[in-house]
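Thanks for asking me to look through this model with you. My notes follow as numbered points, to be read with the structure open beside them.

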Amino acid sequence: MRAENRMGYQTVIYKNRPQIVASACAVGPREGKGPLGEQFDLVANDADFGQESYEQAEAALLREACRICLSKAGRGEKSIEAMLGGDLLNQIMASSLAARSLKVPFLGLYGACSTMAESLLVGGMLCDGGYASPVLCTAGSHYATAERQYRFPLEYACQRTPAAQWTVTGAGAVILALPDASEKKAQACLARGCMGRVVDMGISDANNMGAAMAPAAAATLCAYFDDTKDDPKQFDRIITGDLGMVGSELLLEWTEKLGHPLPREKMMDCGLTIFDPGQDSHAGGSGCGCAASVLCAHILPKLASGEWRRVLFMATGALLSPTTSQQGETIPGIAHAVVIEGVQG
Amino acid sequence: MQNSSSKKHFVAQYKQLVQAITPKSKVGQGCLRAFWVGGSICVLGQVLIDMSMYFWRFTMTQGATFASITLVGVTALLTGIGVFDVIGKYAGAGTVVPITGFANAMVSPAMEFRPEGWVLGTGARLFTIAGPVLVYGISSSVLVGLIYYFLML
């Protein structure tokens with residue numbers, strides 16, 4: 001039993017291949033003006049989404065993404081047996097508020113910007129093991145709430161460094177379910193997952209998250225390729241969450257040094273996909289909502305259409321808190337990965 | 001021992017790579033922008049002082065107070081309507097160093113933390129940015145004042 005579910009030290013196998021039956025995302029106005037603008041299910045007119053505070057707006061975006069996802073799957077809230085998700089707020093409050101209104105069994109996760117991959121990874125296990133199906137996997141973030149928590153007030157006049165990244169205002173939701181004859185055609189399915197280890201290479205600059213997260217991304221990729229003996233060329237894309245310009249370059253260099261060179265033409269970073277360079281986002285987008293919304297708006301549709309057949313989706317997180325940062329602690333990074341395959345034929 | 005030194009070497013190698021790849025801020029451009037915007041704000045202050053002395057017969061001290069109040073007021077207004085952070089993004093230290101920077105550092109947290117209420121939000125968080133400047137600014141001026149006092153005895 002155990003041998004069928006695991007491979008090597010960090011990799012898990014979803015032998016029942018949980019299917020992604022529906023996905024949806026809701027984003028803010030800035031993301032809506034980006035290159036993926038047309039592909040999002042919902043673009044808010046204002047960053048406050050008609051709410052009294054940005055925290056409420058973040059919760060509302062998550063709630064809307066879940067609602068749209070449920071209606072796409074043609075399911076009611078009551079059919080969901082577990083919801084997994086998280087965000088960047090203290091006490092993952094936006095997710096808790098969204099779960100409060102959905103009234104479904106809820107497991108909160110925190111993996112910083114890696115949360116979307118983490119929720120798919122764990123949700124896939126719950127589903128595959130028969131503990132819950134369907135499972136709702138979510139993640140979201142908001143520029144304004146992240147700024148106030150980690151940096152300065154919005155109207156404070158300061159300059160950002162070139163390596164700084166822009167937190168995406170957005171939320172994504174994915175419904176996983178065991179294959180079922182009565183089910184509508186699925187978008188894709190989960191084949192494998194790789195649980196990341198926390199890696200810290202002594203980076204303490206909170207304005208260079210890409211550099212803090214790249215070693216964790218390299219470690220997870222190397223672990224996956226060591227565990228499975230897969231070849232990176234077998235994937236249509238190896239997708240990272242929000243390494244940005246600096247982190248993506250570091251990942252290529254560092255994996256090569258660790259003996260697992262990656263094909264540059266197959267790499268894709270959600271943080272570099274969601275914004276145009278002209279949108280003044282410096283090194284690219286970041287946040288839980290970055291990987292989550294690009295997954296739902298861009299990656300899953302390409303798998304559903306058959307344009308891509310197999311991708312490795314890996315979201316990376318910088319596990320820093322303002323308190324430990326001020327105390328001089330370095331930034332621990334983490335990266336979780338899932339292998340998502342198309343379901344043709 | 002061998003292991004820990006090779007690990008240190010590994011980390012050092014990574015830090016070198018980070019330094020090589022991370023783009024640097026444009027120092028020259030930043031200095032130029034800070035100089036012309038900051039300089040213009042100071043010229044504006046001087047114009048306000050001279051104007052008030054010429055038209056309203058203010059003394060030098062009154063004129064300086066008038067200029068400070070006006071600059072702080074204008075900055076607060078520009079911060080409130082969401083323009084000042086755009087100027088600050090362009091000018092950097094050019095807007096931070098003059099009194100405009102102080103006004104912005106007070107008004108922006110006041111707005112930011114308004115949803116948490118007048119007392120625990122705006123009231124408690126008003127000095128989050130300007131607080132340290134006040135603490136160390138006032139402390140060092142007291143210290144300098146004491147030194148001056150004893151030297152002049």
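1. Chain B has 8 helices and 0 strands, so its elements read α-α-α-α-α-α-α-α from the N terminus on. The radius of gyration of chain B is 22 Å, well over the 15 Å that the globule rule gives for 153 residues, so chain B is more spread out than a compact globule. Along its principal axes, the C-alpha atoms of chain B fill a box of roughly 80 × 50 × 40 Å.

2. Buried residues make up 24% of its 153 residues. Among the contacts of chain B with a separation of 6 or more, 55% join residues 24 or more positions apart. Please keep in mind here, and in everything below, that this is a predicted model.

3. Now for chain A, where the secondary structure comes to 11 helices and 15 strands. Its radius of gyration is 18 Å, close to the 20 Å that the globule rule gives for 345 residues, so chain A is as compact as a globular protein of that length. The box filled by the C-alpha atoms of chain A is roughly 55 × 50 × 35 Å, again taken along the principal axes.

4. How much of chain A is buried? Buried residues account for 57% of the 345 residues. Of the contacts in chain A with a separation of 6 or more, 79% are between residues 24 or more positions apart.

5. On confidence, chain A averages a pLDDT of 94, and 98% of the residues score at least 70. Among the elements of chain A, strand E15 (residues 333-341) has the highest mean pLDDT, at 98, while helix H1 (residues 2-5) has the lowest, at 81. Ala3(A) has its place in that helix H1 of chain A. Ala3(A) is exposed, because its count of other C-beta atoms within 10 Å is 7, and 12 or fewer is the cut-off for exposed. The C-alpha atoms of Ala3(A) and Ile13(A) are separated by 9.4 Å, the two residues being 10 residues apart along the chain.

6. The domain assignment of chain A gives domain 1 (15-177) and domain 2 (188-341). Their C-alpha centres lie 18 Å apart, and the contact takes 50 residues from domain 1 of chain A and 53 residues from domain 2 of chain A. On the domain 1 side, the elements that give two or more residues include strand E3 (19-27), helix H2 (29-32), helix H6 (143-150) and strand E9 (170-177) of chain A. H5(A) gives the most to this side, with 7 residues. By residue type, the side of domain 1 that touches domain 2 divides into 26 nonpolar, 18 polar and 6 charged.

7. Turning to how the two chains meet, 26 residues of chain B are in contact with 24 residues of chain A. Which helices of chain B each supply at least two residues of the side that touches chain A? They are helix H1 (2-21), helix H4 (84-91) and helix H6 (99-112) of chain B. The residues on this side of chain B divide into 13 nonpolar, 9 polar and 4 charged.

8. A few backbone details in chain A deserve a look. Most residues other than glycine have a negative phi, and most peptide bonds are trans. The peptide bond from Ser133(A) to Pro134(A), however, is cis, with omega near 0 degrees. Pro134(A) lies in the loop between helix H5 (115-128) and strand E7 (135-141) of chain A.

9. Lys229(A) is found in the loop between helix H7 (209-228) and strand E11 (237-240) of chain A, whereas His282(A) lies in the loop between helix H9 (270-273) and strand E13 (285-286) of chain A.

10. His282(A) is buried, because it has 20 other C-beta atoms within 10 Å and the cut-off for buried is 20 or more.

Terms used
Residues are numbered from 1 along each chain as its sequence is written. Chains are lettered from A and ligands numbered from 1 in the order in which they are written. This is a predicted model: local features need pLDDT of at least 70, side-chain atom pairs count only at pLDDT 80 or more; totals for chains, interfaces and linings use all residues. Helices (H or I, at least four residues) and strands (E, at least two) are DSSP runs, numbered from the N terminus. Two residues are in contact if their C-beta atoms, placed from the backbone, lie within 7 Å. Ala, Val, Leu, Ile, Met, Phe, Trp, Tyr, Cys and Pro count as nonpolar, Asp, Glu, Lys and Arg as charged, and the others, Gly among them, as polar. The radius of gyration is taken over C-alpha atoms; the globule rule is 2.2 Å times the number of residues to the power 0.38. pLDDT is the predictor's confidence in each residue, from 0 to 100. Domain bounds come from an automatic or database domain assignment.
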